[in-house]
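Take a brisk walk through this model. Begin with its surface, then go on to its strands and its rings.

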Amino acid sequence: MSAAQCEFEAEVTRNCACGTGNEKVNEVYENCDLEDLMKARHDTICRDIGGRVMQCKHCKQKVSTSDITSAMLRTLHEMKSVASQENDSGASFAIPVSREWLDIAAYRTIYDHNVDEGDPDAQLRFILLNERFNQHLVTHMRSCFKKGCFCRFLLPNLATGGYIIDALHESDYKEWLEEEHEDLAKELAKNKGTRVYEGKTPKPVERHKLDGGIDKENRFCVEIERPQGCQFMNTHNVTLSRMFTCNSNVAAGDS
């Protein structure tokens with residue numbers, strides 16, 4: 001599972017006055033306020049936000065995730081251009097890329113990409129592949145709002161630096177965790193359901209038995225590491241996405 005647009009540390013050049021050349025995305029950008037995140041999930045207000053859910057750590061200028069994608073592509077394209085000149089190939093393409101060009105590049109990934117993932121061409125292709133198939137639209141789709149006026153996929157999501165178990169109460173799992181999985185129990189105790197459930201009490205999952213009885217369990221989910229610039233990225237399976245050149249939305253948690 002991955003919520004990252006690429007499997008390497010991307011570098012960009014900031015458009016604000018704070019920019020000092022190529023810098024690592026996670027080191028110079030941070031999440032915007034939660035209010036902006038919730039507005040970006042709304043069926044109409046999301047258009048006002050325009051995907052700007054991250055900001056420069058220093059001047060607080062807001063940028064969109066698409067701006068970061070274009071900056072990443074531009075940096076890698078410059079590296080590829082240098083290699084192309086050395087090989088006299090003269091390859092080039094326009095950034096931001098057109099939808100038609102993006103379709104061709106993404107669909108042909110399985111045929112044309114270099115097996116060397118350190119190669120700029122391969123890195124470009126994997127970013128383009130995720131941009132085409134695993135990047136959630138900042139204006140969403142009509143199906144996003146089947147259950148209300150906020151995106152039912154909870155996107156965009158906060159960029160995080162590691163894995164998080166999101167559950168309501170550690171006590172729900174204490175009996176079977178405290179002896180063999182003490183570290184996991186402590187991790188659960190840190191999370192009160194405020195990230196995925198926005199502080200609301202999750203509805204218990206009802207499991208119906210054949211004898212007519214009902215068991216109830218509190219819900220939980222597992223959030224994986226999500227770098228800056230990937231707030232709108234679907235959690236996906238990297239291998240399946242590359243092999244079948246398609247969306248592969250996956251999740252871990254309860255039913």
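Accessible areas here come from the Shrake-Rupley method with a 1.4 Å probe, and for residues only the protein chains shown count as cover. On that basis the chain exposes about 14600 Å². Carbon and sulfur atoms supply 49% of this area. The model is predicted: local features need pLDDT of at least 70, side-chain atom pairs count only at pLDDT 80 or more, and totals for chains, interfaces and linings use all residues. Residues are numbered from 1 along each chain as its sequence is written, and side-chain values use heavy atoms, with hydrogens and water left out.

Now the overall build. The chain has 10 helices and 10 strands. These are DSSP runs, numbered from the N terminus: helices are H or I with at least four residues, strands are E with at least two. Of the 255 residues, 41% are buried. Buried means under 20% relative accessible area, exposed means over 50%, and partly exposed lies in between (1.4 Å probe, protein chains only). Contacts (heavy atoms within 4.5 Å) reach along the sequence. Among those with a separation of 6 or more, 67% join residues 24 or more positions apart.

Next, a hairpin. Strand 7 (residues 205-208) pairs with strand 8 (residues 214-217) in the antiparallel sense, over four bridges. Pairing requires at least two bridges found by DSSP. Val205 stands opposite Glu217 in strand 8. Five residues sit between the strands, and Gly212 takes a positive phi near 95° in this hairpin.

Which residues make the nonpolar surface patch? They are Ile110, Tyr111, Leu240, Met243 and Phe244, and the patch covers about 530 Å². Patch residues have over 30% relative accessible area and no salt bridge; like charges are joined within 9 Å, nonpolar side chains (Val, Leu, Ile, Met, Phe, Trp, Tyr) within 5 Å. A salt bridge is a side-chain nitrogen of Lys or Arg within 4 Å of a carboxyl oxygen of Asp or Glu. Helix 6 (109-112) and helix 10 (238-244) each supply at least two patch residues. Helix 10 gives the most, with three. Phe244 lies in helix 10 and is partly exposed, at 48% relative accessible area.

Last, the rings. The structure holds one aromatic pair. The ring centres of Tyr107 and Phe133 are 5.7 Å apart and their planes meet at 50°, so the pair is tilted. Rings of Phe, Tyr and Trp (its six-membered ring) pair if their centres lie within 6.5 Å; planes under 30 degrees apart count as stacked, over 60 as edge-to-face and the rest as tilted. Tyr107 lies in helix 5 (residues 99-107) and Phe133 in helix 7 (residues 120-133), so the pair ties together parts 26 residues apart in sequence. Tyr107 is partly exposed at 41% relative accessibility, whereas Phe133 is buried at 15%.
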